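Here is a short report for a reader meeting this structure for the first time. Please look over the sequence and the model before reading on.

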Amino acid sequence: MSEPIIKFEKVVKSYGNYRVLNDLDFEVARGEKVTIIGPSGSGKSTVLRILMTLEKINGGVVSVGNEPLWHEQGPNGLVPAREAHLRKMRKQLGMVFQQFNLFPHMTVLRNLTEAPMSVLGLSKQDARERAEELLQLVGLADQLQKFPNQLSGGQQQRVGIARALAMRPKVMLFDEPTSALDPELVGEVLNVIAKLAEEHDLTMLLVTHEMRFAREVSDRVCFFDQGNIKEQGTPDELFTNPKEERTRAFLKAVLEG
Amino acid sequence: MPWFDYLKPLADGAWITVQLTVFSTILGALLSFIFGIGKLSDNWAIRAVSIAYIEIFRGTSLLVQLFWLYFALPIAGDAIGLDLRLPPVVAGVAALGLNIGAYGAEVVRGAIQAVTPSQYEAATALNFTRRQTLWKISLPQAIPEMMPSFGNLAVQNLKDTALASLISLGDLAFRAEQLRNYTQDSTTIYTIVLLMYFGMALVLTAMMRVLEASVGRWRGARS
């Protein structure tokens with residue numbers, strides 16, 4: 001396994017007395033596609049939200065590309081990161097949200113060009129070219145003047161994926177990208193993600209309840225339970241031959257449910 | 001005096017009322033945004049100034065604010081060697097604008113805070129700065145939500161201008177009072193004045209509707 005691009009060391013996250021992440025150790029290699037599965041409340045989305053700097057951690061160290069994410073080097077060791085450090089680190093990460101979180105007051109095109117222009121400093125021309133290329137990739141090249149609420153959920157989520165990719169992140173985080181979709185729209189979104197996984201050397205971290213999909217695209221599947229990894233392995237190992245009783249019970253409930 | 005002879009002086013007064021309303025509403029709108037956004041600042045000093053402004057002007061009577069600016073400020077200025085005498089129009093516009101701005105600031109703050117957290121999360125994920133997030137993400141979504149409340153405040157402000165007659169500003173209420181002293185025809189005069197205020201309020205409401213519709217498109221097209 002090559003140098004990990006993401007590393008959680010003894011990470012603790014709690015809300016009051018409730019520990020969402022319990023001394024979590026977790027690594028993702030460059031280019032690796034990792035799926036996180038598990039019951040709700042097991043901390044799987046929290047892992048992504050911590051990486052996107054949407055949630056602070058209460059203990060341990062998270063590193064991205066060998067540099068601490070939530071800390072920076074002070075004169076006497078690590079100190080909590082300031083906004084400038086977080087902004088630098090965020091450049092490497094992109095996130096796709098369960099509820100899409102598109103900007104409702106912007107057209108599809110502007111949803112894709114606004115951040116590349118104002119954050120990365122791209123020219124209007126370059127940002128537009130990049131946007132058109134990405135919309136082509138997600139199969140929405142003809143929708144760029146539409147507003148989000150004129151699109152179906154599946155189309156909105158594909159815009160969400162393109163918007164995150166427009167920032168050229170090294171790591172893509174997918175937080176239950178199909179959970180808010182009508183069943184018949186799930187496929188189009190999963191197809192886009194599968195295509196990304198195949199054709200790009202992006203590192204991908206995916207939280208999902210789509211077990212068959214997880215099996216197809218991931219290099220590794222992690223089963224989270226009670227704030228830690230209960231079991232992990234290749235999709236074949238985990239789905240066909242789970243070792244832990246807890247994993248078996250979960251898979252049984254999900255696959256038969 | 002037949003009733004239509006009242007119209008000329010009352011119309012003169014109404015024109016002053018219109019100007020007072022327009023200028024103080026514009027001033028109030030500016031103050032609303034400055035202090036409404038200021039109240040959400042990371043900087044505690046800016047936040048403190050904003051809260052102080054809002055609480056002082058919401059928590060005291062408009063009439064007293066008006067009298068203070070017009071009668072007390074010049075004397076206070078005198079004591080420190082400054083000429084702070086304000087013409088009645090300036091005092092009137094300032095008091096009305098400062099007062100309505102304090103209410104408006106709360107509207108602005110509320111509307112910005114009502115933008116869903118998921119929009120801020122998307123902005124963070126795309127690495128927008130706080131300032132970019134405010135201008136590009138939250139304000140365009142918050143402004144349409146502010147408009148109904150702003151409409152109410154503008155009409156309230158129009159009616160509040162009547163208080164300015166008490167610092168000898170020749171607005172509609174002032175002219176009415178003058179005419180009534182002269183003719184003792186209270187019923188006719190106040191009926192006309194009532195209708196004039198109501199007519200102006202209708203026009204103002206219609207204008208706010210137009211404004212509301214024109215910023216409504218920032219919400220994004222409706223499917």
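Two salt bridges are counted between chain B and chain A. This is a predicted model. One bridge joins B:Lys136 to A:Glu114. Their closest N and O atoms lie 3.2 Å apart. Polar contacts also cross the interface of chain B and chain A: eight residue pairs qualify, both partners at pLDDT 80 or more.

Which elements of chain B give two or more residues to the side that touches chain A? They are helix 5 (117–125) and helix 6. Helix 5 of chain B gives the most, with seven residues. By type, the residues on this side of chain B divide into nine nonpolar, nine polar and four charged.

**Extent of the interface**

The size of an interface is often given as the accessible area lost when the parts come together. Here the area buried between chain B and chain A is about 2,100 Å². Carbon and sulfur atoms give 57% of that area. In chain B, the residues that lose the most area to chain A are B:Glu121, B:Leu126 and B:Asn127. Together they account for 29% of what that side buries. The contact draws on 22 residues from chain B and 25 residues from chain A.

Helix 6 of chain B spans residues 130–160, and B:Asp160 belongs to it. B:Met147 is found in helix 6 of chain B too.

Take B:Met147. Why does B:Met147 count as buried? Its relative accessibility is 5%, so B:Met147 falls under the 20% cut-off. Leaving aside neighbours within four places in sequence, B:Met147 is in contact with B:Met208, B:Leu211, B:Glu212 and B:Val215. B:Met208 is 61 residues away from B:Met147 in sequence. In space, the two C-alpha atoms are 7.6 Å apart.

Now B:Asp160. Is B:Asp160 buried or exposed? B:Asp160 is buried, yet has no salt bridge. The nearest side chain of opposite charge belongs to B:Lys159, 7.3 Å away. B:Asp160 touches B:Leu62 and B:Leu96, not counting residues up to four places away in sequence.

**Distances**

The table lists the residue pairs with a stated distance.

| Pair | Distance | What is compared |
|---|---|---|
| B:Lys136 and A:Glu114 | 3.2 Å | closest N and O atoms |
| B:Asp160 and B:Lys159 | 7.3 Å | side chains of opposite charge |
| B:Met147 and B:Met208 | 7.6 Å | C-alpha to C-alpha |

Methods: Residues are numbered from 1 along each chain as its sequence is written. Chains are lettered from A and ligands numbered from 1 in the order in which they are written. This is a predicted model: local features need pLDDT of at least 70, side-chain atom pairs count only at pLDDT 80 or more; totals for chains, interfaces and linings use all residues. Side-chain values use heavy atoms; hydrogens and water are left out. Helices (H or I, at least four residues) and strands (E, at least two) are DSSP runs, numbered from the N terminus. Buried means under 20% relative accessible area, exposed over 50%, partly exposed in between (1.4 Å probe, protein chains only). Lys and Arg count as positive and Asp and Glu as negative; His and the chain ends are not counted. A salt bridge is a side-chain nitrogen of Lys or Arg within 4 Å of a carboxyl oxygen of Asp or Glu. Contact means heavy atoms within 4.5 Å. Buried area is the accessible area (1.4 Å probe) that two parts lose on being put together, summed over both. A polar contact is a pair of N or O atoms within 3.5 Å; within protein, one must be able to donate a hydrogen and the other to accept it, and residues adjacent in sequence count only if both atoms are side-chain atoms. Ala, Val, Leu, Ile, Met, Phe, Trp, Tyr, Cys and Pro count as nonpolar, Asp, Glu, Lys and Arg as charged, and the others, Gly among them, as polar.
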